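Dear colleague,

Please read them alongside the coordinates.

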Amino acid sequence: TGPVLDTGPDFGPGQSSSLTRSYAFYVRVAPFQTPIPTAGVYTDTLPFEVRLNGPGGAPITAGALTVIISVPKSCRFSTAPTAIAINYAAFSPVAVNGSSNFGITCTQGTNYTIALDQGTSVVPGVELAYSLSLNAGATPIPGTAVEQEYTVNISVAPGQAGRCNMAVCTGTDTRTITVSY
């Protein structure tokens with residue numbers, strides 16, 4: 001049988017009344033289950049029994065409790081991308097490259113895409129052109145319920161003078177990575 005509801009001393013033999021009690025139920029999902037549940041709605045029925053005067057008392061009634069668990073589609077940055085610092089000397093004969101790794105975790109079976117708001121831009125203040133790329137692979141990407149790692153790459157083209165009238169100049173450009181699911 002399932003959980004036992006102790007009615008305590010509230011009822012005696014031959015008495016008729018009603019009693020309502022609320023109980024919190026918690027769902028604990030063990031890690032590394034195979035297969036991992038996909039997003040959706042899951043229903044289970046748990047048996048229960050109500051006994052007079054505690055677990056050893058006479059059964060009063062038995063029934064079933066229907067439990068409904070909803071696993072929504074969701075995605076999140078589980079490891080955020082970090083800023084990419086580039087040291088570029090004017091008229092560099094080769095491209096200067098950098099990268100930042102990040103991770104995305106989506107519920108099992110949730111298809112998602114990753115996109116950059118721009119693939120090319122110019123760093124304000126220093127006027128250096130650069131390009132960005134993602135190693136996102138197939139589109140759409142199926143969620144696995146564990147972190148999936150990606151890299152954003154930057155390449156600053158060679159031969160640029162830039163705009164700097166000091167020994168060291170700095171500029172910042174912010175781009176956006178969008179995860180759609």
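The structure holds two aromatic pairs, where rings of Phe, Tyr and Trp (its six-membered ring) pair if their centres lie within 6.5 Å, with planes under 30 degrees apart counted as stacked, over 60 as edge-to-face and the rest as tilted. Because Phe-77 belongs to strand 4 (residues 75–79) and Phe-102 to strand 5 (residues 96–106), the pair ties together parts that are 25 residues apart in sequence; strands (E, at least two residues) are DSSP runs, numbered from the N terminus.

Phe-102 also pairs with Tyr-150, with ring centres 5.9 Å apart and planes at 35°, so this pair is tilted as well. Tyr-150 lies in strand 10 (residues 148–156) and Phe-102 in strand 5, so the contact links parts 48 residues apart in sequence.

Within it, Phe-102 is buried at 2% relative accessibility and Tyr-150 is buried at 7%, whereas Phe-77 is partly exposed at 36%; buried means under 20% relative accessible area, exposed over 50% and partly exposed in between (1.4 Å probe, protein chains only).

Please note that this is a predicted model, in which local features need pLDDT of at least 70 and side-chain atom pairs count only at pLDDT 80 or more, while totals for chains, interfaces and linings use all residues. Residues are numbered from 1 along each chain as its sequence is written, and side-chain values use heavy atoms, with hydrogens and water left out.

Best regards

Note on methods:
Helices (H or I, at least four residues) and strands (E, at least two) are DSSP runs, numbered from the N terminus.
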